[in-house]
Amino acid sequence: MEPFRRFKSKAIPLDMVNIDTDQIIPKQFLKLVHKTGYGKYLFYDWRFSSEGKPIEDFVLNNVKYNNRQILLTRDNFGSGSSREHAAWAIRDYGLKTIIAPSFADIFFNNCFKNGILPIRLSQREVEYLFQNIDNVELEINLPAQEIIVTDSGNSKIMHFEVEESKKRILLDGLDEIGITLRYHPYITEYENRNSTKLPSYQKS
Amino acid sequence: MTTFDTIWNNHLVYTGGKGGLHSRDGGPSLIYIDRHLIHEVTSPQAFEGLRVSGRKARRPDLTFATMDHNVPTDSRSLPIIDEVSSTQIQTLVQNCREFGITLFDLASPDQGIVHIIGPQLGITLPGTTIVCGDSHTSTHGAFGAFAFGIGTSEVEHVLATQCLWIEKPKTFAINITGVRKNPHTVTPKDIILSIIRRIGTAGATGTVIEYRGNTISELSMEQRMTICNMSIEAGARAGLITPDQTTFDYIKGRRYAPRDVEFENMVDFWQENLKANRNAQFDKSVSVNIGGIAPQVTWGTNPSMTIDVTESIPYPEEFAKGNESETKAAVRALQYMDLSPGVHITDIPIDRVFIGSCTNSRLDDLMEASLVVKGRRVSSNVRAMVVPGSQQVKLDAERLGLDIVFKEAGFEWRESGCSMCLGMNPDILGRGERCASTSNRNFEGRQGAGGRTHLSSPIMAAAAAIEGHFVDVREWL
């Protein structure tokens with residue numbers, strides 16, 4: 001995985017609560033057996049009409065927002081289905097960070113496995129960003145856990161929390177399975193212990 | 001301790017504190033996974049990852065696979081026309097062969113929705129950790145297991161290591177009190193919809209729910225599964241019910257369950273370790289009295305947008321209780337659903353009826369629905385289908401003659417799979433079609449682009465099929 005680097009971008013505003021992963025990537029695109037190429041299907045049913053034509057008033061079809069790398073949205077983003085295709089589509093589209101007051105659990109975890117940083121900010125901060133979407137540029141500084149928000153030459157800083165191991169995995173682009181395999185002795189010890197204590201769990 | 005705390009403690013492989021990546025207090029712990037269920041849609045990329053890295057499956061013997069999400073539900077003797085689905089199914093067959101994993105394929109009498117067959121085969125056991133690349137893995141919590149949905153990267157991680165790094169979720173007690181006046185018509189589906197309606201779709205985010213109280217103890221295992229299944233619809237990581245004699249009786253004798261002395265030993269262990277603890281401390285709790293609830297029907301585009309069958313479609317401000325974002329969401333939902341506030345839910349014509357899904361496709365569900373179907377006819381304006389959750393459920397139902405009851409009434413009686421719950425197979429709604437569905441999600445486009453979903457219990461969906469619109473089924477029985 002590519003290490004997560006500091007970057008600057010304006011944000012794309014998607015002003016809706018409870019956006020579920022069925023909307024992020026509709027089911028007709030879950031039949032593929034690889035991990036790339038989903039960007040063109042991101043928010044497909046909101047982006048394109050039944051004839052496949054772009055729907056003008058959807059934000060991703062607004063040229064003003066082209067090439068922005070941050071998605072700004074509302075509460076409970078990524079609810080519903082566990083499909084990691086949602087994170088693959090977001091990454092493949094070119095988004096690196098999603099900012100919202102809250103996220104659904106499975107989606108939140110899936111982001112970190114794919115080099116995407118989901119950031120929780122307060123309702124007030126999210127509201128401020130929505131209100132000033134055309135003016136503010138955001139610089140994401142993960143090591144410092146802060147967003148440098150620049151608005152017409154004035155800067156202010158918004159701090160965010162991120163769990164330490166998730167942060168290191170993103171910053172170093174680590175292979176988590178490779179790391180876990182180093183814990184092999186602990187796993188084997190657990191299995192041996194349970195084979196005696198709870199044999200029914202250790203066999204099928 | 002809560003039941004969840006006990007399961008958590010029993011599965012700690014590594015808790016940190018000795019250096020390395022995952023060493024901080026409050027950070028994730030390495031948790032052992034006892035049972036890993038896989039299906040065709042969220043696994044191909046995981047196997048590919050293993051191959052690219054030259055890794056093996058650590059415990060293929062604790063891993064079980066089936067194909068359910070995209071399989072057609074018409075005759076199993078017909079070829080799969082959708083080539084992409086067919087490729088995905090073939091990929092699962094090859095992956096299971098290559099990595100030595102037991103697969104219940106389309107020809108198997110054990111094929112079915114992964115969350116139906118796990119319990120049915122005795123793979124699901126109390127006190128275990130169970131994962132699957134599917135959010136409705138919470139279903140297995142009905143057995144007192146910590147069961148949760150994961151993404152494909154985590155599927156690969158479990159295949160390679162049989163473990164996952166998890167930050168310990170908070171605990172959330174939902175105490176259910178009250179006695180239903182009409183237990184045949186006010187069902188477990190109505191209980192869970194009424195809970196989600198109350199706490200919201202993010203009401204349980206970051207938590208494991210424990211459903212408690214006498215009302216829960218009196219439910220059958222199949223009914224408990226319906227409740228735990230929809231925990232994810234409240235945002236929960238998992239939902240569980242402390243196992244009891246009903247649980248043990250269900251498990252006894254099933255193919256993959258422990259037998260004889262080993263079974264007795266496990267029951268002793270479960271009774272000793274997982275027993276309900278009245279003094280357990282939960283991070284949060286709520287009490288819900290279900291004594292007076294009516295059959296529930298959703299009107300909007302998430303499962304919290306629910307009303308009693310006796311009510312009318314709410315005004316957005318009324319639903320959102322002053323929250324601006326929720327008001328906007330409700331306005332959008334009404335537009336998508338083509339509904340107006342003030343209209344009675346029973347006055348809205350239905351085009352399709354779907355009885356199925358991991359929420360409501362077990363034998364109890366089909367028996368429940370059949371109560372109002374026998375001797376009646378499906379409305380001429382409605383196309384209605386029953387999709388049993390597994391081949392075994394289908395067979396059991398046919399032994400009871402339920403297939404005849406449904407078919408004589410004009411329902412289609414189909415082969416098992418996820419079917420129209422998510423419409424990855426040919427069973428989908430057309431644009432603008434309105435469906436009474438026993439599934440779990442009424443999201444935009446969930447059952448087909450432009451389709452409109454109303455969630456309800458099996459008996460309510462069956463009655464809607466007969467009348468062509470929802471009815472208060474309490475008046476029928």
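## Before you start

This is a predicted model, where local features need pLDDT of at least 70 and side-chain atom pairs count only at pLDDT 80 or more, while totals for chains, interfaces and linings use all residues. Residues are numbered from 1 along each chain as its sequence is written, chains are lettered from A and ligands numbered from 1 in the order in which they are written, and side-chain values use heavy atoms, leaving out hydrogens and water.

## Chain A at a glance

Chain A has eight helices and eight strands; these are DSSP runs numbered from the N terminus, with helices being H or I of at least four residues and strands E of at least two. Its C-alpha trace spans about 65 × 45 × 25 Å along the principal axes.

Of the 204 residues in chain A, 58% are buried. Here buried means under 20% relative accessible area, exposed means over 50%, and partly exposed is in between (1.4 Å probe, protein chains only). As for contacts (heavy atoms within 4.5 Å), take those in chain A between residues at least 6 apart in sequence: 63% of them join residues at least 24 apart.

## Two residues in one loop of chain A

Start with A:Arg74, in the loop between strand 3 (70-73) and helix 3 (85-93) of chain A. Is A:Arg74 buried or exposed? It is buried, with a relative accessible area of 7%. Its side chain makes a polar contact with the side chain of A:Asp15 at 2.7 Å, and another with the side chain of A:Glu127 at 2.9 Å. A polar contact is a pair of N or O atoms within 3.5 Å; within protein, one must be able to donate a hydrogen and the other to accept it, and residues adjacent in sequence count only if both atoms are side-chain atoms. Setting aside neighbours within four places in sequence, the residues in contact with A:Arg74 include A:Phe130 and, from chain B, B:Ser325.

A:Ser82 sits in the loop between strand 3 and helix 3 of chain A, and it counts as buried because its relative accessibility is 4%. The side chain of A:Ser82 reaches the backbone nitrogen of B:Asp134 at 3.4 Å. Not counting residues up to four places away in sequence, A:Ser82 touches A:Ile106 and A:Asn110, along with B:Gly133, B:Asp134, B:Ser135, B:Ile150 and B:Gly151.

Helix 12 of chain B (residues 324-337) has 14 residues and reaches 20 Å from its first C-alpha to its last, close to the expected 20 Å. That expected span is 1.5 Å times one less than the number of residues. Just after the helix, B:Asp338 takes a positive phi of about 55 degrees.

Which residues of helix 12 are buried? They are B:Thr327, B:Ala329, B:Ala330, B:Ala333, B:Leu334, B:Tyr336 and B:Met337. Their cover includes helix 11 (316-320), strand 18 (434-437) and strand 19 (452-455) of chain B. Helix 13 of chain B (residues 363-373) is mostly covered, with eight of its 11 residues buried, among them B:Leu363, B:Asp365 and B:Val373. After helix 13 comes B:Gly375, with a positive phi near 80 degrees.

## A residue in a chain B loop

B:Ile428 lies in the loop between strand 17 (412-413) and strand 18 of chain B. B:Ile428 is partly exposed, at 38% relative accessible area. Leaving aside neighbours within four places in sequence, its contacts include B:Arg352, B:Met420 and B:Glu433. B:Ile428 and B:Ala330 are 98 residues apart in sequence and 24 Å apart in space, C-alpha to C-alpha.

The structure holds five cavities of 30 Å³ or more. A cavity is a set of points, on a 1 Å grid over the protein atoms alone, where a 1.4 Å probe fits but cannot get out; lining residues have an atom within 4 Å of a point. Grid points are joined across faces, edges and corners, and a volume is the space filled by probe spheres set on the points.

The largest cavity has about 320 Å³ of space and is lined by 27 residues, with A:Asn18, A:Ile19, A:Asp20, A:Ser79 and B:Asn302 nearest its centre. Helix 4 (105-112) of chain A and helix 12 of chain B are the elements that give two or more residues to its lining. The second largest cavity has about 200 Å³ and 21 lining residues, of which B:His69, B:Asp134, B:His136, B:Leu422 and B:Arg446 lie nearest its centre.

Notes: On a 1 Å grid over the protein atoms alone, a cavity is a set of points where a 1.4 Å probe fits but cannot get out, and a pocket is an open set with protein on both sides within 12 Å along at least five of seven lines; lining residues have an atom within 4 Å of a point.
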